[in-house]
Amino acid sequence: MKIPKICVIEGDGIGKEVIPETVRILKEIGDFEFIYEHAGYECFKRCGDAIPEKTLKTAKECDAILFGAVSTPKLDETERKPYKSPILTLRKELDLYANVRPIHKLDNSDSSNNIDFIIIRENTEGLYSGVEYYDEEKELAISERHISKKGSKRIIKFAFEYAVKHHRKKVSCIHKSNILRITDGLFLNIFNEFKEKYKNEYNIEGNDYLVDATAMYILKSPQMFDVIVTTNLFGDILSDEASGLLGGLGLAPSANIGDNYGLFEPVHGSAPDIAGKGVANPIAAVLSASMMLYYLDMKEKSRLLKDAVKQVLAHKDITPDLGGNLKTKEVSDKIIEELRKIS
Ligand code: ATP
Ligand code: MG
C-alpha cells in the first residue's frame, strides 16, 4: 500500500506541543511520511510571511494536512506588513468548503445518553462572504449574506455523502427560512431535492429545523441529531455551543475538507496562557488525527485511535483542563500504552 504523505504544520503556542505528540502516536499505528512546514505568527516574525508559498505548495502535494494552531498578532506588527491568516488562506487556496465538527462525548459511561453527532458547516460563503461596507449617507452598516446554488449544492451533497460513508442515518438541515426567505429558502429547497434522492437510494432520512430551536435542542436533547448541515454563521455558533457538551476545547477535533484536500486541526487556538508549560491536552489534536485516518481510508486505525483515547479518559489519565494532573507527554504515553494493548 502507498504510504500516505502528511503535511505537518505545528504553528504556534500549544500547537508545537500537541502536534509532535500526535505525530509520535501516529508513528505507533502506521507508516506515514511526515513533511514539516511552517505557518503562523512566529513564522511571520521570522520570515515576514505567515503562510509561505512553500507551505502551500507542500500542502497541495500531500494526502492530508495536520494543523496545530496559530496565534493572531498584535496590531502594530501587522501595520508594517499585512498578516495573512494561515488557516483562512489554506481554506481558500485548497477550497476546503466543508467544516466538520464531531460532537461525540467519549467520556460517557451511560450509553443510553450517548451524545454523538456531526456538525457540517459551509465554510466559504454565507454571512462570512467578506462583503461588508458602511453607507455614509444612510449611516448604515451592511453585511451581505451570500447563499449560492453551487455552494449550497456542494455542502448539502457533502453532508449526505458523509452520512453514507460514516454509516449515519439522518441529515438535518438547519436554517431560518421563515425570515430569510430568499437565502435560506434556496438552501432548504436544495436540501429537499437531495433528501428525496438519499432517502430512495440509501435510506437516509432528511429533516430540517429552525436555527433558534436547534440552539435549544442541542442543550436539551442532543440525542436527536445525527448529521447537521448548515450555513456558515449558524454552523460557527452551533458548533461552539455543541462543543460545550464535550467538556472543553481540549477534547474538540475538527476537519476542513474539500473535493481534493483535507486539513485536520483541533478546534482550540494556540492558548498562550498555558503554552510552554507542557500541560496542554493533546486529545483534541489526536482525535483530529483519527478523523484524518478515516479520510485516508484507514478506518480500522481511526477507530483504534479513538478507542485508545476513550480508555485513557475512562481511566482519568487526563491533563489539568479536565481536572487531572498529567502532562501532555504523559497523556500521549497513556494513549500509546492503550494502543499497544488493543491492537
Ligand atoms: P488564540 O488567539 O490562539 O485562539 P486563545 O487565547 O483564544 O488563543 P484558545 O486556544 O482559543 O486560546 O483557548 C481558550 C482557553 O482554553 C484558554 O484558556 C486555553 O488555555 C484553554 N485551552 C485551549 N486548548 C486547550 C488544550 N488543548 N488544553 C488545555 N487547555 C486548553
Ligand atoms: Mg481562541
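# Exercises on a Predicted Protein Model

Tyrosine 36 is partly exposed, because 13 other C-beta atoms lie within 10 Å. This is a predicted model, in which local features need pLDDT of at least 70, side-chain atom pairs count only at pLDDT 80 or more, and totals for chains, interfaces and linings use all residues. Residues are numbered from 1 along each chain as its sequence is written, while chains are lettered from A and ligands numbered from 1 in the order in which they are written.

## Exercise 1: Burial and backbone angles

Task: Classify alanine 271 and lysine 316 as buried or exposed, and state the phi angle of each.

Solution. 

Step 1. Recall the rule: a residue is buried if 20 or more other C-beta atoms lie within 10 Å of its own, exposed if 12 or fewer, and partly exposed in between, with C-beta atoms placed from the backbone.

Step 2. Alanine 271 is buried because it has 22 C-beta neighbours inside 10 Å. Lysine 316 is exposed because 11 other C-beta atoms lie within 10 Å.

Step 3. Alanine 271 has a phi near 45 degrees, a positive value in a residue other than glycine. For lysine 316, also a residue other than glycine, phi is positive and near 60 degrees.

Step 4. Locate both residues. Alanine 271 belongs to the loop between strand S12 (262–266) and helix H10 (283–295), and lysine 316 to the loop between H11 and helix H12 (328–342). Here helices (H or I, at least four residues) and strands (E, at least two) are DSSP runs, numbered from the N terminus.

## Exercise 2: The sheet

Task: Give the strand order of the open sheet and name its edge strands.

Solution. 

Step 1. Strands of a sheet pair through backbone hydrogen bonds, either parallel or antiparallel. Two strands pair if DSSP finds at least two bridges between them.

Step 2. The open sheet has 10 strands with mixed pairing, in the order S2-S1-S3-S12-S11-S4-S5-S10-S8-S9. Strand S2 (33–37) and strand S9 (205–210) are the edge strands, each pairing on one side only.

Step 3. Strand S1 (residues 5–11) and S2 run parallel and are joined by five bridges; lysine 5 has glutamate 33 in S2 as its bridge partner. Strand S2 also contains tyrosine 36.

## Exercise 3: A hairpin

Task: Describe how S6 and S7 are paired and what joins them.

Solution. 

Step 1. Four bridges pair strand S6 (residues 132–135) with strand S7 (residues 140–143) in the antiparallel sense. Tyrosine 133 is opposite isoleucine 142 in S7.

Step 2. The two strands form a hairpin with four residues between them, and glutamate 139 in the turn has a positive phi of about 50 degrees.
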